[in-house]
Protein chains: 2
Amino acid sequence: MENEFTMDGIIKTIIELLKLKKYSRARDEMLKNNTVEIAEILEEIIEELGIEKAIISFRTLPKDVSVEVFAYLPIDDQIDIIAGITDREIQYIMDELAFDDMIDVLEELPANVVDKILEKTTKDERRTINTFLNYPETSAGSLMTPDYISLRKNMTVADALAYIKKEGMDTETVYTCYVKDEGRKLLGIVSLRTLVVSDDHVRIEELMHEDMVYVNVLDDQEQVSDLFKKYGFLAMPVVDNEQRLVGIITVDDILDVIDEETTEDFHKMAGVAVSTEEYLDMSVWKHVKNRLPWLFILMLSYVVTGGIISSFEDVLSNVIVLVTYLPMLMGTGGNSGSQSATLIIRGLALGDVDTGDALKVLWKELRVSFLIGLVLSVLNFARIYWMDGEGVMVALTVCGAMLVIVMAAKTIGSMLPMGAKKVGIDPALMASPMIASLTDMVSVVAYFALATLILGI
Amino acid sequence: MENEFTMDGIIKTIIELLKLKKYSRARDEMLKNNTVEIAEILEEIIEELGIEKAIISFRTLPKDVSVEVFAYLPIDDQIDIIAGITDREIQYIMDELAFDDMIDVLEELPANVVDKILEKTTKDERRTINTFLNYPETSAGSLMTPDYISLRKNMTVADALAYIKKEGMDTETVYTCYVKDEGRKLLGIVSLRTLVVSDDHVRIEELMHEDMVYVNVLDDQEQVSDLFKKYGFLAMPVVDNEQRLVGIITVDDILDVIDEETTEDFHKMAGVAVSTEEYLDMSVWKHVKNRLPWLFILMLSYVVTGGIISSFEDVLSNVIVLVTYLPMLMGTGGNSGSQSATLIIRGLALGDVDTGDALKVLWKELRVSFLIGLVLSVLNFARIYWMDGEGVMVALTVCGAMLVIVMAAKTIGSMLPMGAKKVGIDPALMASPMIASLTDMVSVVAYFALATLILGI
């Protein structure tokens, strides 16, 4: 297992060597690591010394190593490296890269560079590449690779194994083999494990599973990753509208999809526009553009909240001490609502909770919020009456408001994401910022209305 | 691809049949689906008709199907089913279940049931099972299975393939084979793909990779899943402190770990105690227990905020209109801080941002927050001065406070998670509720201090 500390030390040594222009010694140091680690080192070089030094280091690597390292680099760094190497080097990398990795790079390259690369490919290859380039960014099509083992149902196990040996596929894509008919329609799947443990003369049609799970090229990547989680597959076939097999998706790409989808949820839940760019790579302007709209929209809701407060100015000016407890009530309301919203949003994402459970959820939240509200109210009564020395009426007002606010917040927090899901809006958008703005409004109304009532102003 | 609507229809039909006690017709309907789907149907039966009917349905399934279905059920349902079937049936399921699935079930069963099951196993099996039962819940050891193919380095490819054919392993665990020495020390790995494409007489030692990545039994599952993401492996070897191979972890189990870790982050970020139980399965008391502590702790922070407001009571009673804008300032502060906190927490989790980047992050947040604060200030000035018709001094106070608050909130929101990470606290705990409480405090101070200054009260 590599150790974070030794890794830091290795990177420092290499960066020092590069600063001294000792390129071949730097290369030797790099080659002591595996390709994933070399990619990490290159990322550090880009960050510390700039892209030029990184390109020099990259070009000192043996060709076969350089392709593997390239595959592990983040897409932005890949593009920067492409811009700094020769056409011949680009061509070599493109030829050796796994098909899905190549498509990812081509998607980000400027059109003229793509054209230059495509010039060197055969007509058939070009057609395949162009088809892949046209799948929507988050579709199953954009995740798949056309590199898979395809068999015929009348082959024997011996034929199949001989064919696999001849083809010599990538590690990831060989473990499930796909049986197609003459019209490229998917008939069934058979695992390499089955082939290896079966007798040579058995026919594929006797071994293949016909009730396989597959996805359509246009299915969303989130659906695809849900199926991988549900079935625990290593790979899944992708078909077009005519049920023809067009590619396969492997589980290692799904790990990235899951991270991407989670990040999307986190960002939505914080009221930040969704972006796949890394935090530090994003410009100040982009950050402002991603964050300002929601802050502005939420701010508008406070025009209403402010208006409500204005209408209670009489109460306020009579019992100015009420303002002291307002932030606590609003804050606790916001926090209570955001607890419920998060539990429900995550539950919906994992399929633990469904829109059909709305009444069950409501009933649970009402009981939970009543108990929590009660405990917090009692604690506050004690504090306000005995510690702060305020009158019993003020204490009662704050405590009553606390109970109402916690219950309202948890109801809003749980029901809003469910409602959103029901009408087809992403529930993640109904998270803390949105919920807090709404509960603030409710808090102000509940608090001052109760004050008017109890204090009789 | 199964369709949600047809699936709902099938479940309805089966439930109707079970209500009419037509068990064998219900079984025939169930058997038209794959095992993952049958597990889903059983879950629905438990929910709609209770565990008794589910157990009857489960027992009508063919033995081999029932084991597979059992493996796909959630752990709670597995335990309920175990409680309702005979010892002989339990024994059959335990014998046929994959080792890691069996351990998961045993971990949750009452001790007397576990003892009864262990009685029927051999001494060696019992020792292995007991070792596995003792690994900490979130360790690599708790995720691994001892079912893997182990080879010797002086075997030939033909020997190895013959051995695999004889052993006939589970689908998931056969694709990477492990080469050990006499002392069970891990020497290298070789993929089934390599074996299949290599010539029969080649020795394993010529084919095996010796620079493999492995984990220790006690490593945390989060570290393990990070390695899977980094390398894109299908399986990873687990060794003990003496470098002896004790098991392997397969990627399908990592998909569950990722979901679990994400849920943990979501819950921490909302100030809810971490729990693996599903929302609807958790009792009202458990929900209260999980949510009350943080709400209480955060509420305490508002004692300070309230105290600050009290000390400014003079300003307040003079310019009561200031209260109208307080919720907006606090709300926008909280939202701004939570945007930054979420971006940083997620960035830290994905490794995009590191504690060493603190100054870069601070500089970025200062510029972003200055721009956002400026825009929001100008908009507010317009609203307060022209629309609300307040004096220019009040408008200036609110706008000045807005700029200070947004900048402070984004600084706190970004720096607090980084500081937490630096001192070894989970950054996810520094999310919206915590940040909002702190920014509320800052907001109140900034607002009223500015008011005293500008309005000269």
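**Terms and their grounds**

Mentor: This is a predicted model, and a place to begin is the crossing of helix 2 of chain A and helix 4 of chain A, which is right-handed.

Trainee: What makes helix 2 of chain A roughly perpendicular to helix 4 of chain A?

Mentor: The axes of helix 2 (residues 23-30) and helix 4 (residues 51-60) of chain A come within 9 Å and cross at roughly 70 degrees. Angles of 65 to 115 degrees count as roughly perpendicular, and therefore helix 2 of chain A is given that description relative to helix 4 of chain A.

Trainee: Which residues meet where helix 2 of chain A touches helix 4 of chain A?

Mentor: From helix 2 of chain A come Tyr23(A), Ser24(A), Ala26(A), Arg27(A) and Met30(A), and they meet Ile56(A), Ser57(A) and Thr60(A) in helix 4 of chain A. Sorted by class, this contact has four nonpolar, three polar and one charged residues.

Trainee: How do you know that the copies meet through the same surface?

Mentor: Of the interface residues of chain B, 98% are also interface residues in chain A, so the copies meet through the same surface. The contact itself takes 93 residues from chain B and 91 residues from chain A, and helix 19 (residues 322-350) of chain B supplies the largest share of chain B's side, 18 residues.

Methods
Residues are numbered from 1 along each chain as its sequence is written. Chains are lettered from A and ligands numbered from 1 in the order in which they are written. This is a predicted model: local features need pLDDT of at least 70, side-chain atom pairs count only at pLDDT 80 or more; totals for chains, interfaces and linings use all residues. Two residues are in contact if their C-beta atoms, placed from the backbone, lie within 7 Å. Helices (H or I, at least four residues) and strands (E, at least two) are DSSP runs, numbered from the N terminus. Axes are lines fitted to C-alpha atoms, for helices over the stretch in contact, and angles run from 0 to 180 degrees between N-to-C directions. Angles under 35 degrees count as roughly parallel, over 145 as roughly antiparallel, 65 to 115 as roughly perpendicular and the rest as oblique. A crossing is left-handed if the near helix is turned anticlockwise from the far one by less than a right angle, and right-handed if clockwise. Ala, Val, Leu, Ile, Met, Phe, Trp, Tyr, Cys and Pro count as nonpolar, Asp, Glu, Lys and Arg as charged, and the others, Gly among them, as polar.
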